[in-house]
Amino acid sequence: METENRTVVTEFILIGLTQSHDIQRLVFVLSLIFYIIILPGNVFIILTIISDPGLTAPLYLFLGNLAFLDASYSFIVAPRMLVDIFSEKKIISYKACITQLFFLHFLGGGEFLLLVVMAFDRYIAICRPLHYSTVMSSRTCYVMLLAPWLGGLVHSIIQVVFILHLPFCGPNHLDNFFCDVPQVIKLACTDTFAVELLMIFNSGLLTLVCFLGLLTSYAVILCHVHRSASEGKNKAISTCTTHVIIIFLMFGPAIFIYTRPFTALSADKVVSFFHTVIFPLLNPVIYTLRNQEVKTSMKKLFIRQIIC
């Protein structure tokens, strides 16, 4: 007889995004095209920010890190999902499942906290412009840049520790196309009510608080901009609007998934698909399309590469 908290299940069988072969092929083609087009764009954004000495403001430092986080995040789920579409049996080992779950929450949590940092940067730049150079010094920027990575790491470790202490002795069919907390917890051979509450507190409440805090901060910024008559009013509104779009794209699905009891809904897989595959690749592109300085630098870098 197995001792308590000893893992008996050594692998999970992923049910996948859908059982329809036609929809699977459509998802594969669309995801692959999207992946091939957008991912290099994110890499190009990073290279542009690194290579252009004119893009040294904190905003671009944070934008480069956002592109890196999103590009890394897209590697956690999408490649395996594309391969599994053509696999009759979608098997993932217990260790690989835990590893996927760890990086999913490490990078995802880090990105949420980075959006908070970017909101603070925009608040100081727009509402306290005379104090910006003092508050956002180089040392402060690097500390603020390190904080999301550490915060994401702590958040993810908490998730994984809870999962590792659960016994898994069957069944091992995981109703999703990747490993995530809500589906994995449901396979545990024990009462998971208390663990679910802790997970909702760790992921759901944190996500909801960050979301409401971000909306409040941007509402304050937009009100300040609306009352002002500065020359950069339109640029500030454009930047803040872009940030708010990203907030809804990232936090909307996360709130839907993590702030409720872990009961399966028909929309879960679709929401998870956009949250883990589509939106992460779109975020930096949306930022870039609304930022004239980055677009100009990208064009210059592209021209230099063609000439060389």
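1. A quick term before we start: the bend at a residue is the angle between two fitted axes, one through the seven residues ending there and one through the seven starting there. Helices (H or I, at least four residues) and strands (E, at least two) are DSSP runs, numbered from the N terminus.

2. On provenance: this is a predicted model, where local features need pLDDT of at least 70, side-chain atom pairs count only at pLDDT 80 or more, and totals for chains, interfaces and linings use all residues. Residues are numbered from 1 along each chain as its sequence is written, and side-chain values use heavy atoms, leaving out hydrogens and water.

3. Have a look at helix α8, residues 233-258. There is a kink of about 30 degrees at F251, shortly before the proline P253. The end C-alpha atoms of α8 are 37 Å apart, which agrees with the 38 Å that its 26 residues should span at 1.5 Å a residue. (That expected span is 1.5 Å times one less than the number of residues.)

4. Helix α2 (residues 58-84) also has a bend, about 35 degrees at F75, and the proline P79 follows within four residues. With 27 residues at 1.5 Å each, α2 should span 39 Å; its end C-alpha atoms lie 40 Å apart, which agrees.

5. Next, α3 (residues 94-127) and α5 (residues 138-164): their axes come within 7 Å and cross at roughly 145 degrees. Axes are lines fitted to C-alpha atoms over the stretch in contact, with angles from 0 to 180 degrees between N-to-C directions. The residues of this contact divide into 20 nonpolar, 8 polar and no charged. Asp, Glu, Lys and Arg count as charged, Ala, Val, Leu, Ile, Met, Phe, Trp, Tyr, Cys and Pro as nonpolar, and the others, Gly among them, as polar.

6. Finally, the sheet. It is open, has 3 strands in the order β2-β1-β3, and its pairing is mixed. β2 (90-93) and β3 (173-174) stand at the edges with a single partner strand each, so one side of each has no neighbour in the sheet. Two strands pair if DSSP finds at least two bridges between them.

7. Strand β1 (residues 11-14) runs antiparallel to β2, joined by 4 bridges, and pairs with β3 in the parallel sense over 2 bridges. L14 stands opposite K90 in β2, while its bridge partner in β3 is L174.
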